[in-house]
2 protein chains.
Amino acid sequence: MSIRPLPAAIDSDALLRSLDGRFHDARERTRGYLRRDDFRPVVGLDMEAHRERVLQQARVLAESGHAGHGYPERYGGKSDVGGSVTGFEMLAYADLSLQVKAGVQWGLFGGAVLHLGTERHHERYLPAILSLELPGCFAMTETGHGSDVQAIGTTATYDEESQCFVLTTPDELSRKDYIGNAARDGRMAAVFAQLVTKGTSHGVHAFLVPIRDEQGQLCDGVDIEDCGHKAGLNGVDNGRITFTDVRVPVEALLNRYGDVAPDGTYTSPIENENKRFFTMLGTLVQGRISVSGGAGAAARAALALAVRYGGRRRQFRPPGAEEEVIVLDYLAHQRRLLPALAKSYALLFAQGEMVAALQDAIGRPADDHAQRELETRAAGIKAVTTWHATATIQACREACGGAGYLSENLLPQLKADSDVFTTFEGDNTVLMQLVAKGLLTRYRDHFGELDTLGTVRFVADQVVEAVIERTAARALVQRLVAAAPGRDEDADLYDRGYQLSLFEWREKHVVDGLARRLRRAGSGSADPFEAFNAAQDHLLLAARVHVDRVVLEAFVAAIDRCEEASSKALLERVCDLFVLSNLEDDRAWFLEHGRFTGRQAKAITKAVNELCKRLRPHAEVLVDAFGIPDECLQVPMLATPGVTPGSATGASAAAASATAASSSAAMP
Amino acid sequence: MSIRPLPAAIDSDALLRSLDGRFHDARERTRGYLRRDDFRPVVGLDMEAHRERVLQQARVLAESGHAGHGYPERYGGKSDVGGSVTGFEMLAYADLSLQVKAGVQWGLFGGAVLHLGTERHHERYLPAILSLELPGCFAMTETGHGSDVQAIGTTATYDEESQCFVLTTPDELSRKDYIGNAARDGRMAAVFAQLVTKGTSHGVHAFLVPIRDEQGQLCDGVDIEDCGHKAGLNGVDNGRITFTDVRVPVEALLNRYGDVAPDGTYTSPIENENKRFFTMLGTLVQGRISVSGGAGAAARAALALAVRYGGRRRQFRPPGAEEEVIVLDYLAHQRRLLPALAKSYALLFAQGEMVAALQDAIGRPADDHAQRELETRAAGIKAVTTWHATATIQACREACGGAGYLSENLLPQLKADSDVFTTFEGDNTVLMQLVAKGLLTRYRDHFGELDTLGTVRFVADQVVEAVIERTAARALVQRLVAAAPGRDEDADLYDRGYQLSLFEWREKHVVDGLARRLRRAGSGSADPFEAFNAAQDHLLLAARVHVDRVVLEAFVAAIDRCEEASSKALLERVCDLFVLSNLEDDRAWFLEHGRFTGRQAKAITKAVNELCKRLRPHAEVLVDAFGIPDECLQVPMLATPGVTPGSATGASAAAASATAASSSAAMP
């Protein structure tokens with residue numbers, strides 16, 4: 001059991017291309033934008049100035065055609081959804097407020113028109129949405145309902161006489177809340193409301209409702225309150241919208257999944273109301289994929305800053321030594337940053353695979369199973385990536401000490417802005433439960449279609465056994481797993497097949513146990529809520545270990561695709577660190593379930609330490625490969641004269657590290 | 001093995017008094033202040049307005065005599081250090097910027113004059129410091145040296161001819177940096193600099209240096225740059241100070257631990273330079289104690305907000321049910337908040353014990369061992385509490401979803417402001433290493449006096465065996481441990497003696513193992529830096545489990561002091577949750593070291609879930625007992641009409657919980 005040695009020099013171009021993957025061109029194009037002065041990060045703006053700056057940046061994106069890239073050609077786009085999502089993700093390097101503002105306009109608002117509307121809406125609105133002539137909102141969340149959107153209170157009641165829908169906010173809990181673009185710039189909103197005709201509700205549908213006229217005056221019956229200052233994202237103008245009998249014509253209904261005839265008759269291609277609702281939501285999966293993309297990018301930017309600073313900053317001179325120790329040479333410092341860096345690699349590959357699946361689904365015949373799998377994956381990767389971003393950016397801030405707390409060094413903004421990602425576009429805890437539910441029902445139904453009771457009964461009715469559905473790397477993973485030693489005693493911690501088999505075994509064991517538990521509960525006399533609630537931590541664990549396995553398979557596939565030897569060798573070790581630090585975090589579970597002995601568990605901790613040491617000389621190469629334009633990360637803490645410049649290449653960093661390692665002193 | 005039942009009604013006054021402890025009067029006095037309009041939290045101020053507001057609040061504290069409480073009577077104080085530190089901690093409920101601003105003026109700047117100066121400084125400066133006529137700075141940290149303060153670059157060279165010290169900033173890395181009160185308000189600074197006489201350096205000493213005149217103009221040779229916008233604490237004016245041959249008279253030297261005669265002869269009561277430096281730093285221990293106090297208070301405020309919101313917010317209506325489920329009835333939500341709440345209780349008691357030790361040391365004959373123990377404890381509790389605050393406030397923010405992200409609901413400010421606590425007043429990672437060093441050397445020397453090499457040799461020279469030094473609860477803890485069953489198989493997870501013995505065993509095992517490891521390294525040929533660095537994670541673990549044990553003993557002592565039955569019963573269960581969630585987090589270690597079987601480890605997870613369920617009905621009572629004035633926590637998210645008010649008493653909360661528990665649905 002040993003770590004294979006790393007080449008002295010890494011081909012950093014090849015590494016960057018591996019990370020960029022299939023959407024390399026989109027990334028290069030976006031890098032070009034990000035180098036422009038318009039997109040330079042600025043700090044300390046007040047809220048109004050920040051909002052104005054972000055609006056102007058959005059106009060630049062619109063004018064240059066960048067914004068509409070993912071839309072159909074006939075409306076001015078290029079049908080390049082994958083490239084568009086990838087480019088969007090990178091706006092995080094400029095300003096997460098811009099990313100969110102763009103996401104509201106072209107992802108959510110435009111996406112609702114595109115996916116929930118029909119040709120009449122596309123023809124009429126998409127060109128103006130792409131050009132930003134028509135700034136819009138996505139008005140779904142209400143004060144009282146964020147996670148449970150199906151229970152929103154806003155109503156759209158059809159009035160047969162005037163052939164209009166009447167939109168009403170019945171109470172304060174039914175105010176549209178946290179709505180981006182609402183407080184200042186939006187002129188129209190895609191409003192989600194309970195559609196009522198002839199006294200019958202048909203569930204949630206979306207309506208295009210003008211909220212301001214061209215002079216920016218509020219429309220009749222529309223009240224908007226500014227959400228005011230937020231923890232971050234203050235370049236986005238979030239607001240609360242209240243509707244008092246606002247009338248819109250029947251054409252305002254985005255009618256792809258449900259329509260109302262002039263006489264008030266409701267029709268829909270999907271009979272089941274629940275299924276219809278979740279099919280509608282499912283078409284908006286791109287939004288969730290974009291959030292994980294943005295969170296991943298924010299974490300990478302923070303790591304690039306902290307790793308570079310850690311490679312320059314010195315503290316504590318050992319007795320007799322000439323120089324102080326570079327802080328990244330301390331094990332504790334490596335432990336803070338390098339496993340997070342490895343996980344960032346893993347999540348970047350998983351994200352790329354998901355974006356590719358999104359792109360590939362376009363134009364193909366509808367595949368319910370594949371769509372459900374993608375939605376589940378988007379939910380899981382979004383939750384795991386956004387939590388990773390929050391934890392990583394925090395670690396990076398702390399790793400930079402006081403410098404990390406100054407706005408000029410950009411970490412504060414990254415941290416404050418990305419924080420809300422864990423709870424918007426689906427609260428992570430709720431999303432992870434959706435993932436678990438998908439695993440239990442094997443995507444047999446849309447994950448939203450079964451309620452809790454239904455899920456418990458569904459599971460109870462079957463001899464459910466967890467099935468590991470392979471990701472894109474199916475054949476490769478099977479080959480690696482098959483080649484792994486059968487007995488743990490013979491296992492090499494660095495054997496990829498063994499690692500994969502551990503992740504698989506864990507997933508299968510957790511999901512099987514969960515299914516058994518719910519089956520017992522469902523067939524017994526226990527209250528279904530109690531049964532579900534008591535198993536909630538088990539449910540979250542099942543989702544997490546599933547996502548971990550999917551992410552690892554994406555990493556393995558990416559390594560397989562890499563053809564250049566030095567970068568491939570480096571990726572192999574980064575993957576080892578991702579795997580082993582994951583196993584280390586979870587070693588209690590493996591010990592509890594008799595899969596690890598105490599000795600094996602301790603060996604994993606040692607291996608993580610050893611991998612940190614081996615990868616440390618390449619730390620800057622690893623963050624350079626993210627390809628974040630220098631213009632986005634020019635910060636004073638990396639420019640202080642007298643701070644020893646870090647080495648830019650693996651080789652010289654290794655030399656620097658060797659020097660430091662031969663000196664001493666870790667505490668004052 | 002079972003949880004003892006809780007009384008239906010809790011005496012909340014008795015609970016509050018238990019938490020207030022010995023400094024109840026100081027807490028009540030401070031609550032009175034905090035109810036005033038001057039101290040009402042405000043949000044969305046720009047930096048300049050925020051700075052001005054905080055300065056005015058500080059003036060109120062000065063005028064009312066609140067600020068000087070901890071100073072000797074002859075200078076206008078009341079010699080009530082404990083009450084002063086306790087009151088200071090509670091300023092976190094108003095504005096952490098105020099707390100830090102006050103801490104700079106009366107804790108650090110005033111503290112340096114009091115503890116490092118002599119009567120001539122006291123007479124001349126303390127009255128003006130207490131009244132805020134002389135706003136000052138504590139200029140220790142430099143751009144290049146934060147953790148390793150002994151290595152600062154600023155020099156104070158004695159010029160025999162003019163009988164002056166000449167202060168010089170030799171390079172940019174030696175700028176004083178992040179200095180509170182420097183950018184705007186400070187008129188004098190306690191400047192730490194290398195004292196040089198007759199060409200010889202005598203190490204770091206402090207000097208009182210005027211930086212602005214009464215009109216606010218910078219003094220000759222003093223340059224100050226504003227640090228600008230920060231992640232938080234923007235009501236504090238941090239700056240960077242550069243000295244160009246600034247002359248101060250010989251009396252400017254704070255000369256308690258070192259003096260210079262007119263002819264330049266240096267004398268000190270402490271011969272060893274290292275020991276002198278750490279003795280000087282040791283007198284400033286109150287600052288570190290105050291930071292853990294503030295961090296603990298910030299975490300409690302966040303918990304009060306999140307628990308109250310979680311007790312009102314509903315989401316997901318089970319099929320057939322009348323109402324949606326209160327989110328705090330979900331296990332996952334309880335798991336986010338209740339173990340953190342239990343740990344907040346534990347840390348509050350540990351803090352109280354530390355403050356009492358600080359107070360009791362006053363006027364007693366100097367006790368080196370006790371002083372070192374207090375410094376070590378302050379370092380450990382500061383690190384653990386500030387990390388706890390960062391994690392807890394984050395969890396609270398997420399638990400409140402979008403509402404938690406709005407500035408009006410106060411969580412963003414608490415989060416952003418308290419974030420820096422993990423790295424200022426000693427970087428936590430560095431502090432935890434100091435704690436471990438204290439354990440290894442049994443406080444035989446000031447923890448700073450031995451360098452790394454010295455520590456390794458010291459350990460190598462001895463048959464070190466970890467000694468569990470008892471905290472204040474010595475006799476009680478021994479009695480409980482002695483009564484615990486000897487064999488794990490017979491053990492009751494809820495037996496306090498058994499819990500204490502597990503914490504003790506862990507500490508002893510980790511510290512012994514660390515000592516053996518370093519002894520091997522020290523007696524072998526290995527490079528001392530390598531040996532130390534490779535053991536760094538072991539070192540941090542040793543410190544953490546030591547602090548955990550000290551904190552638990554403080555909790556046990558506090559329960560013992562509580563005389564009212566219902567609140568005592570509740571505290572017992574909160575202590576169980578603190579212990580068991582700690583053991584759950586650390587169960588991998590117990591499994592690896594053969595102390596837990598898989599079955600035992602799983603039983604701990606079950607017990608944590610069960611405790612969450614039992615404590616949930618009392619969650620609001622538990623946060624009410626923090627005694628945070630309502631005026632400090634009036635936020636819109638708790639006032640939205642239509643949001644079901646949470647129950648204020650344990651009894652009715654239990655009823656509400658029972659209702660919710662009999663309904664169903666945990667996912668959309």
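How many salt bridges are there between chain B and chain A? Here are some notes to read alongside the model.

1. The count between chain B and chain A is 12 salt bridges, a salt bridge being a side-chain nitrogen of Lys or Arg within 4 Å of a carboxyl oxygen of Asp or Glu. One of them joins the side chains of B:R240 and A:E408, at 3.1 Å from N to O.

2. A word on the basis: this is a predicted model, where local features need pLDDT of at least 70 and side-chain atom pairs count only at pLDDT 80 or more, while totals for chains, interfaces and linings use all residues. Residues are numbered from 1 along each chain as its sequence is written, chains are lettered from A in the order in which they are written, and side-chain values use heavy atoms, leaving out hydrogens and water.

3. Chain B brings 101 residues to the contact and chain A brings 102 residues (contact: heavy atoms within 4.5 Å). The buried area is about 7800 Å², with 55% from carbon and sulfur atoms; this is the accessible area (1.4 Å probe) lost on putting the two parts together, summed over both.

4. Turning to chain A, its C-alpha atoms fill a box of roughly 90 × 60 × 45 Å along the principal axes. An automatic or database domain assignment divides chain A into domain 1 (135-270) and domain 2 (470-627). The centres of these two domains, taken over C-alpha atoms, are 44 Å apart.
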